[in-house]
Amino acid sequence: MLARLQPLLTEHQLLPEHWRILAVLDEHPGTSMTLLAATAVVPAASLTRHVDRLVERALVVRRIDPDDRRRTVLALSPRGSAVARALSSVEAGTGSTTSRDRAAGARPLT
């Protein structure tokens, strides 16, 4: 699976941990850091660093939890949603692995 995703991860300068974070947030917007760490299987000690990078790259947004204003929840930005969709399609075997392939309408080899 990672071999199929790697070209797109490289294109977007993402790590496999970033993909797991994006995938969880795509399925569960408004997730807390604690739940994200457990669901994405990313150690809590490194999750903040990964999320900070995704926020800096405008893929993830932080928001105040409307139910508990002391907590922060995370969601994908529109750009993050687009990247997550592209990665999901490659993961499912229905998308292209590089921008050149996508521009040409090619499918990845499976």
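Predicted model: local features only at pLDDT ≥ 70, side-chain atom pairs only at ≥ 80, totals over all residues.
How are H2 and H5 oriented to each other? Point 3 takes this up.

1. The mean pLDDT of the protein is 85, and 84% of the residues reach 70 or more. Confidence is highest in helix H4 (residues 44–56), with a mean of 96, and lowest in helix H6 (residues 99–104), with a mean of 39. Over residues 97–110 the pLDDT stays under 50. The model has 24 contacts beyond four places in sequence for that stretch.

2. Overall make-up. The protein has six helices and three strands. Read from the N terminus, the order of its elements is α-α-β-α-α-β-β-α-α. Of the 110 residues, 38% are buried. Take the contacts between residues at least 6 apart in sequence: 50% of them join residues at least 24 apart.

3. H2 with H5. Two packed helices are described by the angle between their axes and the distance between the axes. Helix H2 (residues 16–27) packs with helix H5 (residues 78–91) at an angle of about 105°, and the axes are 10 Å apart. An angle from 65 to 115 degrees counts as roughly perpendicular, and H2 and H5 are therefore roughly perpendicular to each other. On the H2 side the contact is made by Trp19, Leu22 and Asp26, and on the H5 side by Val83, Ala84, Leu87, Ser88 and Glu91. By class, the residues of this contact are five nonpolar, one polar and two charged.

4. H2 with H4. The axes of H2 and H4 cross at roughly 80° and come within 10 Å. That angle makes H2 roughly perpendicular to H4. H2 contributes Glu17, His18, Ile21 and Leu22 to the contact, while H4 contributes Leu47, His50, Arg53 and Leu54. The contact of H2 with H4 has four nonpolar, two polar and two charged residues. Leu22 of H2 is listed in the contact with H4 and also in the contact with H5.

5. Which residues of helix H3 (residues 33–40) are buried? They are Leu36, Ala37 and Ala40. These residues cover an arc of only 100° around the axis, which puts them on the same side of H3. The buried residues of H3 pack against H2, strand S1 (31–32), H4 and strand S3 (68–76).

6. Val41. H3 is followed by Val41, which is found in the loop between H3 and H4. Is Val41 buried or exposed? Exposed means over 50% relative accessible area, and Val41, at 60% relative accessibility, therefore counts as exposed.

7. Ala58. Ala58 is found in the loop between H4 and strand S2 (60–65). The phi of Ala58 is near 65°, again a positive value in a residue other than glycine. At 37% relative accessibility, Ala58 counts as partly exposed, because the value lies between the cut-offs of 20% for buried and 50% for exposed.

Key: Residues numbered from 1 in each chain as written. Heavy atoms only, no water. pLDDT = per-residue confidence, 0-100. Helix = DSSP H or I, 4+ residues; strand = E, 2+ residues; numbered from the N terminus. Contact = heavy atoms within 4.5 Å. Axes fitted to C-alpha atoms, helices over the stretch in contact; angles between N-to-C directions. Parallel < 35°, antiparallel > 145°, perpendicular 65-115°, else oblique. Nonpolar A, V, L, I, M, F, W, Y, C, P; charged D, E, K, R; others polar. Buried < 20%, exposed > 50% of the residue type's maximum accessible area, 1.4 Å probe, protein only. Arc of directions from axis to C-beta.
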